[in-house]
Amino acid sequence: FIAASLVHSGVLITGYEHQKARIAESVIAIVLLSAAALTWIRPRWTRKVGLAAQGFALLGTMVGIFTIAIGIGPRTVPDIAYHIVIVIVLVSGLVVAIRARTS
């Protein structure tokens with residue numbers, strides 16, 4: 001999400017700038033990074049924090065897919081490919097978190 005935000009900022013690659021996508025990706029990145037930090041501070045919360053943060057990220061990604069579908073979000077091939085891949089990654093992470101044992 002950080003890389004996607006930097007792309008939509010024009011920092012990594014130019015030509016794909018999109019302010020609303022950059023903001024959404026930045027927020028999701030902050031949530032995921034905060035969740036990762038929280039799991040180091042409170043290891044017993046790892047499963048719950050992982051589910052919450054990845055669920056939030058998946059919801060945000062689905063909003064991005066919706067904006068692409070209705071034509072108000074960026075509709076480039078890299079954007080579409082990124083959303084497909086990140087949904088697979090997030091769903092996989094949620095499956096792992098759901099299956100994790102609670103202690």
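## Pocket lining

Helices H2, H3 and H4 (77-99) each give at least two residues to the lining of the largest pocket. Helices here are DSSP runs of H or I with at least four residues, numbered from the N terminus. This is a predicted model: local features need pLDDT of at least 70, side-chain atom pairs count only at pLDDT 80 or more, and totals for chains, interfaces and linings use all residues. Residues are numbered from 1 along each chain as its sequence is written, and side-chain values use heavy atoms, with hydrogens and water left out.

The largest pocket has a volume of about 310 Å³. A pocket is an open set of points on a 1 Å grid over the protein atoms alone, where a 1.4 Å probe fits, with protein on both sides within 12 Å along at least five of seven lines; lining residues have an atom within 4 Å of a point. The volume is the space filled by probe spheres set on the points. The lining holds 19 residues, of which Lys 20, Ala 21, Ala 24, Gly 64 and Thr 67 are the closest to the pocket centre. By class, the lining has 9 nonpolar, 8 polar and 2 charged residues. Ala, Val, Leu, Ile, Met, Phe, Trp, Tyr, Cys and Pro count as nonpolar, Asp, Glu, Lys and Arg as charged, and the others, Gly among them, as polar.

## Overall build

The protein has 4 helices and 0 strands. From the N terminus, the order is α-α-α-α. The C-alpha trace spans about 45 × 25 × 15 Å along its principal axes.

## H1 against H2

The axes of H1 (residues 2-9) and H2 come within 8 Å and cross at roughly 155°. Axes are lines fitted to C-alpha atoms, over the stretch in contact, and angles run from 0 to 180 degrees between N-to-C directions. H1 and H2 are therefore roughly antiparallel (angles over 145 degrees). Their crossing is left-handed (the near helix is turned anticlockwise from the far one by less than a right angle).

H1 makes the contact (heavy atoms within 4.5 Å) through Ile 2, Ala 4, Ser 5, His 8 and Ser 9. H2 answers with Ala 21, Arg 22, Glu 25, Ser 26, Ala 29 and Leu 33.

## H2 against H3

The axes of H2 (residues 19-41) and H3 (residues 46-70) come within 9 Å and cross at roughly 175°. That makes H2 roughly antiparallel to H3. Contact residues include Val 27, Ile 28 and Val 31 of H2, and Phe 56, Ala 57 and Gly 60 of H3. The contact has 10 nonpolar, 5 polar and no charged residues.

## H3 against H4

H3 and H4 pack at about 155°, with axes 9 Å apart. H3 is thus roughly antiparallel to H4. The crossing is left-handed. Among the residues that meet are Leu 51, Leu 58 and Ile 65 in H3, and Ile 86, Leu 90 and Leu 94 in H4. By class, this contact has 14 nonpolar, 6 polar and 2 charged residues.

Technical notes
Parallel < 35°, antiparallel > 145°, perpendicular 65-115°, else oblique.
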